[in-house]
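Let's walk through this protein together, one feature at a time. Have the sequence and the 3D view open as you read.

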Amino acid sequence: RGQGTVPVPVPATATMAAVLRTLGRHWKKSALAALALGGAGRWLHGHHRDNLLRRAACQEAQEFGNQTLPITAKVKKATVFLNPAACKGKARNLFDKNAAPILHLAGIDVTVVKTEYEGQAKKLLELMEETDMIIVAGGDGTLQEVITGLLRREDEATFSKIPIGFIPLGKMNSLSPALYPTNKEQARHILNATLAIVKGETVPLDVLEIQGDKDRPVFAVTGLRWGAYRDAAAKLPKYWYLGPLKDKACHLISIIQTWPPTRQASIAYLGPTEIPPTLSQENLPRPSLWRRILRRLERYWATPKEASLEPVEPLVWEEVEKSTAEVTISTLNKHVHLTRTEDAMNICIEPDAVSKRQFVTTGSQKLTDPFSCPEGSHILQASLCKLHLPEGTEGFFSIDNEDHEAVSVDVKLLPRKLRFFCDSNKNQLQLGESGKPP
């Protein structure tokens, strides 16, 4: 019989050396493979994490759906205005994966209305029939269209009492931080917003009524911007190919094209108004029977008083005329103080004496926080203001991050006009804040 050869074991160090030599000879392919494997691993981890979050949220929503309703109670109806074009066309998929299952499991009768073109939501809101809640699934533009259509209705006094839910699916979701805890994970953020709608806790928010000379009023929940920073930010999409440098590039090119960044603004305004007592006579506990009888007897035997008209104090308008880089008029919704004592909107007149470096730095910061007021700004608080622009002014406003032609406008504060669903923890935090506005 022939004898077989016995294989000689290869040391582990020799195997490792061979692998390293192979990687060294094909370092480009090796680097590409490592990047691909790393990306695939992160995607799988994120996908698994999102599935776990969805499962937990669905279980929580099902607890609400399993609750027994009285015989006379009706199933809640929700009308969802979904903008499929939001989030670069991903909004429909995000809604179907994250929000829709929670709403259905909670036992809500959901009607989804998909918008097909800009401005359609306004028209649909003016024709909408009764519903128990309105849900906006989109970004700032969709939300502004919905509230504008809602408040333009002839019966807006009734329909404005319908609570509104906001599911942040857009590129810009400026109102979201006022309603829900900030979260960088998109799925978690959408799930939290949808669960807040299911739980039903709401917070009253202010609205700005913006009226031009001709058009019907536009309504906003964040505010209005006009100026150089807004104009530079509007050019940001043109420089997408510059990647992370596009933020500074749009402001540098704006400096080259239009410098200095000054505007002439004339503003007349009325100061803040005091908030009336929140506990009205109708909400007070009913007095005892004997107390009610005594009150009636007092009114019956009391000597009638002559009606006296108290003199009405004339409105005192204050005026400011300044050269500025930008003017912003914003609500206090971002920092809601449920215990504040005055109703007001913020008017920020930003300084025009800025260096080119300051312009780029401040402009880049305003891309994430458009209504921040730089140091040295003239800040006013008002309940009504008139923004007058010089004749021949060209350009655009940004109203809730949507473009509108720049004209002289009247801006009126509608305090606590709409109720929005919010996270319960966020609401408790707002109740604990001091009464002074920021």
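## A cis proline

Pro260 sits in the loop between helix H11 (246-257) and strand S8 (263-270); helices (H or I, at least four residues) and strands (E, at least two) are DSSP runs, numbered from the N terminus. The peptide bond that joins Trp259 and Pro260 is cis, with omega about 5°. For background, most peptide bonds are trans, and most residues other than glycine have a negative phi.

A word on the model itself: it is predicted, so local features need pLDDT of at least 70 and side-chain atom pairs count only at pLDDT 80 or more, while totals for chains, interfaces and linings use all residues. Residues are numbered from 1 along each chain as its sequence is written, and side-chain values use heavy atoms, with hydrogens and water left out.

## Two residues with positive phi

Which backbone angle stands out at Lys88? Its phi is positive, about 55°, although Lys88 is not a glycine. Lys88 belongs to helix H3 (residues 86-89), and its relative accessibility of 82% makes it exposed. Here buried means under 20% relative accessible area, exposed over 50%, and partly exposed in between (1.4 Å probe, protein chains only).

Asn401 is not a glycine either, and has a positive phi of about 65°. You will find Asn401 in the loop between strand S15 (396-399) and strand S16 (402-405), where it is partly exposed at 24% relative accessibility.

## The disulfide

How many disulfides are there? The count comes to 1 disulfide, taking a disulfide as a pair of cysteine sulfur atoms within 2.5 Å. Cys348 and Cys373 are the partners, with an S to S distance of 2.4 Å. Cys348 lies in strand S12 (residues 345-351) and Cys373 in the loop between helix H13 (356-366) and strand S13 (378-382), so the bond ties together parts that are 25 residues apart in sequence.

Are the two cysteines buried or exposed? Cys348 is buried, at 1% relative accessibility, whereas Cys373 is partly exposed at 32%. Another cysteine, Cys422, counts as buried at 2% relative accessibility.

## Salt bridges across the chain

Side chains of opposite charge can pair when their charged atoms come close. The structure holds 16 salt bridges, each one a side-chain nitrogen of Lys or Arg within 4 Å of a carboxyl oxygen of Asp or Glu. One of them pairs Glu185 with Arg49 at 3.8 Å, N to O. This pair links distant parts of the chain, 136 residues apart: Glu185 is in the loop between helix H8 (176-179) and helix H9 (186-199), and Arg49 is in helix H2 (residues 27-65). Both are partly exposed, Glu185 at 24% relative accessibility and Arg49 at 30%. Glu185 and Arg49 also belong to a network of salt bridges with Asp50 and Arg188.

Asp369 and Lys334 form another salt bridge, their closest N and O atoms being 2.8 Å apart. Here too distant parts of the chain are linked, 35 residues apart: Asp369 is in the loop between H13 and S13, and Lys334 in the loop between strand S10 (318-330) and strand S11 (342-343). Asp369 is partly exposed at 26%, as is Lys334 at 42%. Lys334 also has a contact of another kind to look at: its C-alpha is 4.8 Å from that of Ala178, although the two are 156 residues apart in sequence.

A further pair is Asp410 with Lys386, at 3.4 Å between the closest N and O atoms. Asp410 lies in strand S17 (residues 409-421) and Lys386 in strand S14 (residues 384-388), so the pair ties together parts 24 residues apart in sequence. Asp410 is partly exposed at 32%, and Lys386 is partly exposed at 36%.

## A nonpolar surface patch

Which residues make the nonpolar surface patch of about 900 Å²? They are Leu289, Trp290, Ile293, Leu294, Leu297, Tyr300 and Trp301. Such patches are made of residues with over 30% relative accessible area and no salt bridge, with nonpolar side chains (Val, Leu, Ile, Met, Phe, Trp, Tyr) joined within 5 Å and like charges within 9 Å. Accessible areas come from the Shrake-Rupley method with a 1.4 Å probe, and for residues only the protein chains shown count as cover. Trp290 is placed in helix H12 and is exposed, at 66% relative accessibility.
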